[in-house]
Amino acid sequence: MKIYPYKRLNRPITLRVTSVSLKLADGTRDQLDTSAYSTQQQVVALGVAGHEDWVSATIGLSATLPPGADVPDAAWSDVRVVAVLTDGETNVRTATHLTRDAEDSRDWSGSLEVLRDDHLGRASLAVDAVGTVDGVAGRSIAETDRSWTVDTVSDEPVGGLQLEVRKASFTRSSREWLRAYADAPWIVDTSARVPTVFVNTDVEGIVGLLNSSGSGVESKVRDLLVAQMATDVWTAVFHGAMGDLEVEPGGSPVFPTDWQGEVLREMLPDVVPGVHVEEALRQVHRRRTGDAGWAELQTRIHYAAIRRAEASRALGYAIRSLEQANRESEK
Amino acid sequence: MEIGEEFGPWLARQLKLAGKTQAELAEELGLTRAAVSAWITGRSTPRPTVMADIATALGTDLGTVHTRTTDTQAGLPVTWYHRPGYPDGGRELGNAAAFAFDADVQVLARETCQNSLDERLTENGRPVRVRYTLHELTGEHLDAFRDAILWNDLFPHYSAVSELAGNQKVGRVVDAGVRDMYEKGRLVLLRVDDYNASGLTGDDYADGKFAAVVRRQLESLKSGRSAGGSYGLGKATLWATSALGLVLINSTLSVPHEGRTERRMIGRLELPWREVDGRPYAGPAWFGRPDPDSPGAEVARSWWADEETVARLHLSRDSDEPGTSFLIVGAHDVASLEASGSDLDDDIVEEEGDEDTRDIRRMHKRLVQALGRDFWAAMTGGGGRLPLLEVSVRALRNDGEVVVEETKVDPSVEQPSRTRALRAYYDGTTVDRLTEAGHVAARNVPLKLPLSGGVVGGTLGIHQAVLLVTEAAGDNDRPINQVHSLRGNRMTVKKATVPRLPIGTNPFQAVLLVGEAAGEAAPFAKEAEEFLRAAEPPEHDRWGQTEELTLRWSPSAYRRIEGLTKEVNNAVRELVARPRRSSREGGEALRKALTVKKRPKAKVPTGPVIPVLNGLDATIGEAGEWRITAEVSIPRGDEIVPMAPVALLDVRSGGRPKLDWAELEAVEGCEVEDGTLRFPPGVRRATFRGATDVTSHPVRTALTRLVLELRAGKGE
């Protein structure tokens, strides 16, 4: 629980994205459709238009302060509202002042300039209302409770982080390190910007199977394969994320802000059920760095990965479809 | 001056109405009976001075006697006429048209408001104004009203019906209605007034609006092509809403009848077959003045009431503007029971367990809701055109005590985004593509009209309907992603959710204007209007296969509507969603499996329970230390994990500096031992207090944010 040494507003600011446009390399602008962002998922996907050459994006914003922000006897004065875009990977933070729509309005609006070179992928966008409280300027009196995500790469405004999938011939790829794994059908690389699964095209038929959209036994086998791959991937990314934690002076781990944070937030409740994710992270970290318990935890990590991969469902369908096929052949 | 009928016959009828003989009149006038007889047979006419005396004797003014376009006010007293039982012994245990509806004020709102829209006086371009008044009567006000409707004459009929109650629906409803009035000592009147409408014009019996509403079943005299109703079923909702089956009517006519326009009164009662004092009655009854021309002068017809009578019947109208007032006596709203809890807010204080179908506050709310939902478009103007409709709802008790202030139904409150869309369309400010929140995109959608007369497959022409799509206005604008379809009368007919939208699609609202709603200039607007009207069932809630469609067009004609729906959904999807990208590396299934998304959490294992922080109060002490009082809640469990409270300072990124405790003491429900809280078994709630050690603070306390956490074990 967090507490401030001064009075502030209890309720959060609501933030809406109202428009998105891209500035292209040749100086022209492309006003994107409103489907470039999702107000439900709170995501802006700047990759939707398929431009390879955009330089910057302008995101129109509108924020509504909670009731009570503008009461005459408020403890704060000189209220300003700023939109802050934070990128945990590049450590770039961009802030823009919003302007009040009308004299007595709680709505503030403005636009945020996102430079493409400042970001690698997903940045989070929040709004803070700051004012002078007890003579100290710039104190935060309210903020958004749920940040928007600005994704400079994705072509679909969906909330969840998507791991990369790439096809490559392991024996002939320019990524020479893959050659060492030439006999593996797939391999997971967690050191990339976003964890990436390389699918070995040398294994004949694997790409066709993964791309198949038919029904019947083929699709069941595909789902089984996908479940198997996903189990591997989730196990690998969990370990990748755990092995790369920043540690506080007291020895406690800091929750990561990038994809690792998203992966951990999602998987930890299955690894250490019943506690807050922060506490779960501490427990897992203790076991990994401490003397005992790491080996015992592997079962839980494996369980979390299997759940995410929906392995039991895929297996169930595959078995049922096999049984059906057997019955038909008996007739 | 317009001269009515001959003096002789007119006078004869007035005498009959007043129940006077020629001799009695002669005596009052101080003349011989022969003189009166001579006037009646037309052999002579009275002198002007005598005319004045005749007027006095008949209780009317000189003008009426001179013009003779109407009957005098004098006459047989207003009474109830019950239709006698059929001579063949047939029994009708209720009105089939009324059976089609349950008592639901929302259905009533739709049907009555639609009727008012259809009867709007179009010449002056003004909207028709409709007002719903919920009026609860108790005590002396109830008694006075019961006297006014001659309750004592009606009561034997209600008793007779109650005896039949066990056997059939109408009887049970009526029985419950009467019992509620006596047991709770109250009666709810629901009044529906419209102004700037045509009123119930026409003769009492011959074809006309009056007879269509008052005398006949299933007759609709809607003239306009874009009229909403066409089944004549709508009026039955008036009686269906009355638990007593009783509706009183006061109409101001747009076209004079019998030389008058104001205060044409009639009442109609719908009861099942019954026997009272040994006489069988067919069912319906009318409240009016006995018609001297009818056999035995028994049939009740409408009468021109004076202001006092109208007031006693709670049917006074605000002005002499034409229109009709319907008074539903004993209104109830059975459908509200189902709806309660789901779409009503908590601000209605409900008595526990009392499911009341006669709560006027709730009815008020449901009326506003239904009117906003179904008629927002008719209430919306823009681009220099006035709305077609204005509606308000109010609730009163007894002598004008206001329960709910008169609420004007505001379309921009009830349907904010759609109203904005329609206004933008009227104002001509729509866009082709949605690029900014608040924009309204407009697009034409084709409706291929079939050839009429059973020709299969032929196309008469393509009507261009108008589709408007805009962003939904906030979280209360629900349900989202729906298309409201409407035609010429601007009533929402169809509400359909657009299927197969990708996840994360921004919530939107859409409007489809078809037929004459798409504008006079739209190609084949009239034909489309006619086609859709035929495809509209009595419930007015969809367009699809109907018998009329099959008869006038062809059995497959309804497929044209399916085609329209498909076009609409595609157009909406094009406007609000991006086309799916296919052929991505690795296949869709693998992509999906590798998306980090919320899943249901794993089951919490049994074992030691972990206390959580539930409340925190913190202040800065005199020495600059943080002083905290924290509340902990503990899940039910046998073994409770000891927790260490940890004070940290919040930072934007990186590790958070940890503060040391100077004091840590238990207040309630726990013990402090070496910086750790221990909880005795069975405790569900605990409180502790603490103060930080100022020497461990890296910065001035007033500039810090404190984070308090409970950590299991030692809290390292």
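Q: Two strands count as paired if DSSP finds at least two bridges between them. In what sense do strand β1 of chain A and β27(B) pair?
A: This is a predicted model, and in it β1 (residues 2–3) of chain A and β27(B) pair in the antiparallel sense, over two bridges. Within that pairing, K2(A) stands opposite V707(B) in β27(B).

Q: How many residues does each chain bring to the contact?
A: Chain A brings 59 residues and chain B brings 52. On the chain B side, four elements supply at least two residues each: α21 (588–593), β18 (595–596), β19 (612–620) and β27 (706–712).

Q: Which of them gives the largest share of the side of chain B that touches chain A?
A: β27(B) does, with five residues. By residue class, the chain B side divides into 25 nonpolar, 11 polar and 16 charged residues.

Q: What covers the buried residues of α4(A)?
A: The cover includes β27 of chain B, together with α2, β18 (253–254), α3 (259–271) and α5 (294–309) of chain A. The buried residues in α4(A) are E279(A), A280(A), L281(A), R282(A) and V284(A).

Q: How far does α4 of chain A reach from its first C-alpha to its last?
A: The helix, residues 277–289, reaches 18 Å over its 13 residues, close to the 18 Å expected at 1.5 Å a residue.

Q: And α6 of chain A: what should its 20 residues span?
A: Helix α6 (residues 311–330) of chain A should span 28 Å at 1.5 Å a residue, and its end C-alpha atoms are 29 Å apart, which agrees.

Q: How many of the residues of α6(A) are buried?
A: One of the 20 residues is buried, so α6(A) is hardly covered.

Q: Switching to domains: how is chain A divided?
A: Chain A has domain 1 (14–151) and domain 2 (164–323). The C-alpha centres of the two domains lie 33 Å apart. Four residues of domain 1 of chain A are in contact with four residues of domain 2 of chain A. The domain 1 side of that contact divides into one nonpolar, two polar and one charged residue.

Q: What is the strand order of the open sheet of three strands in chain A?
A: The order is β14-β16-β15, with mixed pairing. The edge strands are β14 (164–168) and β15 (186–189) of chain A, each pairing on one side only. The twist averages 25° from one strand to the next.

Q: How many bridges join β14(A) to strand β16 of chain A?
A: Five bridges join these strands, which run parallel. One residue pair there is R166(A) with its bridge partner F198(A) in β16(A).

Q: Where does helix α2 of chain A lie?
A: Helix α2 (residues 217–242) lies across β15 and β16 of chain A, running at about 25° to β15(A).

Q: On to chain B. How many helices and strands are there?
A: Chain B has 21 helices and 27 strands. Of its 716 residues, 43% are buried. Among contacts in chain B with a separation of 6 or more, 69% involve residues 24 or more positions apart.

Q: In what order do the five strands of the open sheet in chain B run?
A: The order is β13-β14-β17-β15-β16, and the pairing is mixed. The edge strands are β13 (440–450) and β16 (492–497) of chain B, each pairing on one side only. For this sheet, the twist averages 25° from one strand to the next.

Q: How many bridges are there between β14 and β17 of chain B?
A: There are six: β14 (residues 459–471) and β17 (residues 508–513) of chain B pair in the antiparallel sense. L468(B) stands opposite V511(B) in β17(B).

Q: Which strands of chain B does helix α18 lie across?
A: Helix α18 (residues 525–534) lies across β13 and β14 of chain B, at about 85° to β14(B). Helix α20 (residues 559–576) of chain B also packs on the sheet, touching β13, β14, β15 (482–486) and β17 of chain B. The direction of α20 makes about 160° with that of β13(B).

Q: Why does E298(B) count as partly exposed?
A: E298(B) has 15 C-beta neighbours inside 10 Å, whereas a buried residue needs 20 or more and an exposed one has 12 or fewer. Leaving out residues up to four places away in sequence, E298(B) touches Y81(B) and P290(B). The C-alpha atoms of E298(B) and R83(B) are separated by 9.6 Å, although the two are 215 residues apart along the chain.

How values were computed. Residues numbered from 1 in each chain as written. Chains lettered and ligands numbered in written order. Predicted model: local features only at pLDDT ≥ 70, side-chain atom pairs only at ≥ 80, totals over all residues. Contact = placed C-beta atoms within 7 Å. Domains from an automatic or database assignment. Nonpolar A, V, L, I, M, F, W, Y, C, P; charged D, E, K, R; others polar. Expected span 1.5 Å × (residues − 1). Axes fitted to C-alpha atoms, helices over the stretch in contact; angles between N-to-C directions.
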